[in-house]
Structure formats: structure tokens, C-alpha cells
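My notes on charge pairs, core and pocket follow below.

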Amino acid sequence: MGSSSRGHVWIRKTTDNFPSPSIKFANIMYNILTLHSGQVTKFTLSMSELKKYPQIGSLIYFLSRNGIEHLVLQFSEWNRYKLPSSFFSCSQLRYLTQQNCLVCPPPVFKGFDMLISLELCHVLISSKSLESLISSSPFLENLVLKISDTVNHIQIKAPKLRSFDFSGCLKLISLNNVPHLAKLSLLYGESFEESEKCDLDKFFQSHPAIEHLHMEYGSVQFLVAEVPRRLSSALNYLKCLYVSLDGLDDLSCALCLLRSSPYLQDLEVKVSIDESDDEVDEVSTSFSDVTLNHVRTVKVEGITGTKLDMQLIKLLLAKSPMLVRMLIEPDLYWVNKEKGAEILAELSTFQRASRKAEIVCQLERKWN
């Protein structure tokens, strides 16, 4: 449609008769699916960049009637998608990943009794519904919960669970009836100071099969009411340990775990501790009964070259007779080239319990 004025032609484009991109997407998707013969066992729908969604209820209904086993649903953080009732009739689900969904199970929902892996990232779901979903999945082995909303209490009951990765804010988490748990990762958000404390010794007595333990920011404050020097039952299966040290309480907890893990092989430490001369001496004393006889690789992140940082590295080298490689990643925001040269010079003077030990510092790759 056009008009002219003083020799100029103005063209106005109208889209009244053209379908929106979301409708086009839905039409194309439905046409493809209707041409498909047989079951649809795996389907990924990622709409994380969109704020408006096409009418996809029919799609989920179609999947629920065609044997879907592996389903990934990802939506925008600005617009959580409420799952339709047909979703809860996907009785063949074995692997489920959801991002930014609103999950409201109907009263008749009895769970996904074939589910093996469940990943919920920033979904909105009540604690009761979440607990019911987990406990009604008797074959669940892998569980990932990334919760952006503060939750009061979550009880995890999963007798087959082997891997649990949690990040978010909550006051209390209970891991009940998880005798096969081998991999545990914990990261707590800003509300951890309000969390109820667990007994560290009792917590690990309940999880003797742990092989990989990742304790990020805030997890120590959540777990620890009082730190024993050593756990009453050794963590004989623990092979890999990651700890984030944000204070001396974190360090005390880490040392307790090290003393209690006689077969540890891989150690990662992230350091962010303000120091004093007394604290440096305290660290040296605390390491007096620590042995790392099976540790082969060590990674130390975030050092800035303080006396405490360097003393920690020195002690780890001195306590690890089977060490093969130590990787050091300084905090490059605070460590310039001159400071990096000082760190490298000091590292070269440290004695190593292992003749095979190689020290690799990222500064070497950056400036050499």
C-alpha cells in the first residue's frame, strides 16, 4: 500500500495477513511430526530465547501418546511455561530435563515409575510435589536440582540414586534412603546463613559409598554445626574431592575430610581466605597429621600469592608422595606479571615428597 507526497513514495508494509513466527514454527513442527511414522522416543524443545511461545500443548500431547522416553524442555527465564496435564501422562519417560517450567502435577499423578535421570533447572514446583516426584521414581539414578527460589525443606528419598547435584537456596535438605549415592555436589546461595545446620559426622555416616564430593560456596556453612578433627567412619570410597575455602571454618572441614579419606586420588581446592600470621601458623599445625598417600593430582585455584596461599601449596606438596601433577591457577584479577614471577620463584623452592611431581602454573602459559 503506497502514497506519494512531493515526489516521494511511501510504502507501508502490513503483516495483518501473515502468521507470526511462533505460529509458523508450530505449523512446521506439527507437519513434520504428522509425517513421522512410529514412536518418538527422544525430543528436545529449546525456546529459551523467546518470551512468547506457540501453542505447544498439542505437541506435548502428541509426545505423550507416542512413547517419549527422553524429553528436554527449555524455556525463557522471563516466562516460565506451565506444563499441560498431558505431560504427566508420559508414562515411558526415562530421561527428563526441564528449564524454567511451572510444574503443577494433578492430584491423580502417581509419578514416572521408569525415570532414570531428572534435571530441574529453575523450575517452579512446591516442595511436596518435588518430594513426591522423586520418591515415586524408584529407578532414579541421576538427580540435578538448580533452584532459584528459596525452599524451606527438601527430603530426597531415592534408593537407586547414584548422583545428586544441587545448587540454590534452602534451609534444610535431607538425604534419606540413598545408600548407593556415589557423587554429591553442593552449592548454596545467599540464604545459607539461615540454613539449619547438619551434623557433619552423621551426614557422612549415612553416605558411605561417596566417591566424588564437590563442596562449593556455602555448602560447608550449611553442613557443619561442629567440625570434628576426623570422621568416626572413614570415607574409604572417596576418590575425588573439590572444596571451596572461603574461611578457616571451610579449611577445618576440608582437613577433616582429608584425614578421613585414606584413598583419595584427586584433590581440587579453591582458595579465598584473608590471612594473618596466626592463621598461617595454624594451618601448618593443622596439617601435622594429614597424609595424602594416594593423591596423584592436585589443582589449586584462586591464589594471590599470600603467605597462607603459598603455605597451603607447600604443605600439599610435602604430604603427597604419589603426586604426579599439581596445577595452580592464580586469580589473574589480582596477580600481575611481577607478582606472578614472585609466585613462580617461590614455588621452585618448595620440596616435593614425590620425585615425579610436576608443577604447572597458568602464568607460565600466559606470559612465557
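**Entry 1**

I started with K146 and D165, whose side chains meet in a salt bridge, 3.9 Å from N to O. I was looking at a predicted model, so I kept in mind that side-chain atom pairs count only at pLDDT 80 or more. The two partners come from distant parts of the chain: K146 sits in strand β9 (residues 142–146) and D165 in strand β11, 19 residues apart. Next I checked how open each one is. K146 is partly exposed, at 29% relative accessible area, and D165 is also listed as partly exposed, at 25%. Side chains of opposite charge can pair when their charged atoms come close.

**Entry 2: what D289 holds on to**

I then counted the salt bridges and got six. Which residues are linked in a network of salt bridges? I found R229, R230, R259 and D289 there, and I followed D289 first.

- D289 pairs with R229, with the closest N and O atoms 3.2 Å apart. This links the loop between α7 (277–286) and β17, where D289 lies, to the loop between α5 (219–223) and β15, where R229 lies, 60 residues apart.
- D289 also pairs with R259, where the closest N and O atoms are 2.9 Å apart. D289 is in the loop between α7 and β17 while R259 is in helix α6 (residues 248–259), so this pair ties together parts 30 residues apart in sequence.

Buried or exposed, I wondered: where does R259 fall? R259 is buried, with a relative accessible area of 9%. D289 is partly exposed at 27%, and R229 is partly exposed at 46%.

**Entry 3: the nonpolar core**

I turned to the largest nonpolar core, which has 102 residues. F43, F87 and F164 have the most contacts inside it. Leaving out residues up to four places away in sequence, F87 touches I60, L71, L73, L93, L96, Q98 and F112.

**Entry 4: the largest pocket**

Last, I looked up the largest pocket, which has a volume of about 340 Å³. Its lining is made of 21 residues, and H214, C240, L241, Y242 and E268 lie nearest the centre. I sorted the lining by class and got ten nonpolar, five polar and six charged residues. Which strands supply at least two residues each of that lining? I noted β11 (163–168), β13 (183–188), β14 (212–215), β15 (240–245), β16 (266–271), β17 (297–303) and β18 (325–330).

Definitions and conventions: Residues are numbered from 1 along each chain as its sequence is written. This is a predicted model: local features need pLDDT of at least 70, side-chain atom pairs count only at pLDDT 80 or more; totals for chains, interfaces and linings use all residues. Side-chain values use heavy atoms; hydrogens and water are left out. A nonpolar core is a set of buried Ala, Val, Leu, Ile, Met, Phe, Trp, Tyr and Cys residues joined through side-chain atoms within 4.5 Å. Buried means under 20% relative accessible area, exposed over 50%, partly exposed in between (1.4 Å probe, protein chains only). Contact means heavy atoms within 4.5 Å. On a 1 Å grid over the protein atoms alone, a cavity is a set of points where a 1.4 Å probe fits but cannot get out, and a pocket is an open set with protein on both sides within 12 Å along at least five of seven lines; lining residues have an atom within 4 Å of a point. Grid points are joined across faces, edges and corners, and a volume is the space filled by probe spheres set on the points. Helices (H or I, at least four residues) and strands (E, at least two) are DSSP runs, numbered from the N terminus. Ala, Val, Leu, Ile, Met, Phe, Trp, Tyr, Cys and Pro count as nonpolar, Asp, Glu, Lys and Arg as charged, and the others, Gly among them, as polar. A salt bridge is a side-chain nitrogen of Lys or Arg within 4 Å of a carboxyl oxygen of Asp or Glu.
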